[in-house]
Amino acid sequence: VLQLSHPVKRYSNVGYTIKVFPDDYYSCENITPSALTSLTLALKGFFNTYNTLHSFNYNLNNFTEAKEKQLCEFSDYHENYMQTIIHFHHFIELLLKDALRFYNENLANKLHGSTVKETELLKYLHEGKDIDAIKFTKRTVAYNTSVNRIFALPRSSFKDVIVKHRDAIKEINMLRNKLLHQGSYFLPYRKLDEFIVRMILPLVQDLLFKCEDLWDGKELVEYWRYDNDYTDIDPIEEIINISEEKIMDHKAIAFYKAVGLALYQKPVGNLLRRIYEEDLIRQIYDIQNKSKKTCFVCRYDTLFLYPDINYSSPHKINKGEHYFKSGKAICTTCGFRLYNDVSEPVDYGINEEEGRIWDYTHLIEVY
Ligand SMILES: [Zn+2]
């Protein structure tokens, strides 16, 4: 029943605060989980710039400065750029605060009242004095204040990283502020490559892997990085290697952006492969031709139906013939994905000529 008098303004206190994960797979000790989510988003945005370049019919062979400026005018590029800058910035900002909290639980917060000024606090930190008597609010400080407080702290692996990358720390904040406050300032494609590859990725790498007192970078990888179990290529690693070269190879960067993006897209076959035997997979791929439909999003005949196999409970399927209804439809052209927990497209008056897709039965033979 539709309730017309539902309460408004009740969303800011009904959410969950997620700070730890119950999963044994990884722990997020001392690090705010959404920092890692931002890192993933930033990387996806950056990897996507190469696709965006091509979606407007540009290419890296004759990408003149004039064309590069034109690309800056497209909202798809703005989307990638904003995602890249805002999320790398957010990742760094949250880690700065995590490091401050690690030193003192209140140190990421604003000073309370006017009894102690920021300069005095910094002096206290410099001199290693006890700050327990100083009153703080519950609200966290601005990015620059966090950086200054880190600089005032005694030496640590985290501070060493911040000192080493102080230019990158400063630059990303300027770009982010220009973007948020001015809303119209964009680095062109190749300058963005240069900035991210030369300055930001080496900083990110050090923040994750060189702050041993705070967190174990190897463990965190499970949380933010793509899964490259089925390839020997690690695009981030490759791009970071490029950062040390004198001349930026934008084509090589583009190559690894494309690989990185694909790895983040979690290919459907990988899930199957992990759970079932090679033979079965071959069968599933063999029958694809018969379960190929016209995609009603892009109109190409590349909407593949997949058997409704329960992936969450791994088991081996016995030899012989098996019948499965369709559990999902995936278009390899436009990337459209639909699952059988929603109604048939025909029930929405869509794609009537293809009939009911969830009723399609797959015959799978396991030898
Ligand atoms: Zn499609």
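## Helices H8 and H10

Val 197, Arg 198, Leu 201 and Gln 205 of helix H8 meet Glu 237, Ile 239, Ile 240 and Ile 242 of helix H10, where contact means heavy atoms within 4.5 Å. The model is predicted: local features need pLDDT of at least 70, side-chain atom pairs count only at pLDDT 80 or more, and totals for chains, interfaces and linings use all residues. Residues are numbered from 1 along each chain as its sequence is written, and side-chain values use heavy atoms, with hydrogens and water left out.

Two packed helices are described by the angle between their axes and the distance between the axes. The axes of H8 (residues 189–209) and H10 (residues 235–242) come within 9 Å and cross at roughly 125°. H8 is therefore oblique to H10; angles under 35 degrees count as roughly parallel, over 145 as roughly antiparallel, 65 to 115 as roughly perpendicular and the rest as oblique. Axes here are lines fitted to C-alpha atoms, for helices over the stretch in contact, and angles run from 0 to 180 degrees between N-to-C directions. The crossing of H8 past H10 is left-handed, a term used if the near helix is turned anticlockwise from the far one by less than a right angle.

## Overall composition

The chain has 13 helices and seven strands. Helices (H or I, at least four residues) and strands (E, at least two) are DSSP runs, numbered from the N terminus. Of the 367 residues, 44% count as buried; buried means under 20% relative accessible area, exposed over 50%, and partly exposed in between (1.4 Å probe, protein chains only). Among contacts between residues at least 6 apart in sequence, 72% join residues at least 24 apart.

Helix H6 (residues 157–164) contributes Ser 157, Phe 158, Lys 159, Val 161 and Ile 162 as buried residues. Their cover includes helix H3 (75–103), helix H5 (143–152), helix H7 (166–182) and H8.

## Zinc site

The zinc ion is coordinated through the SG atoms of Cys 295, Cys 298, Cys 331 and Cys 334, at 2.2 to 2.4 Å. Donors are N, O and S atoms within 2.8 Å of the metal (3.2 Å for Na, K and Ca); water is not among the atoms, so sites may look incomplete. The donor residues follow the spacing C-x2-C-x32-C-x2-C in sequence.

The arrangement is tetrahedral because the four donor atoms subtend angles of 106 to 117° around the zinc ion; four donors count as tetrahedral if all angles lie between 85 and 135 degrees. Cys 331 is buried, with a relative accessible area of 1%, whereas Cys 334 is partly exposed, at 35%.

Thr 361 lies in strand S7 (residues 361–366) and is partly exposed, with a relative accessible area of 37%. Not counting residues up to four places away in sequence, Thr 361 touches Tyr 323, Phe 324 and Lys 325. Thr 361 and Gly 327 are 34 residues apart in sequence and 9.9 Å apart in space, C-alpha to C-alpha.

Asp 341 occupies the loop between strand S6 (337–339) and S7 and counts as exposed at 67% relative accessibility. The C-alpha atoms of Asp 341 and Trp 358, 17 residues apart along the chain, are separated by 9.6 Å.

## Positive phi angles

Asn 57, in the loop between helix H1 (33–55) and helix H2 (65–71), has a phi near 65°, a positive value in a residue other than glycine. Asn 57 is exposed, at 71% relative accessibility. Arg 299, in the loop between strand S3 (292–293) and strand S4 (303–307), has a positive phi of about 75° although it is not a glycine.

Notes
Tetrahedral: all angles 85-135°; square planar, octahedral: opposite > 155°, others 65-115°.
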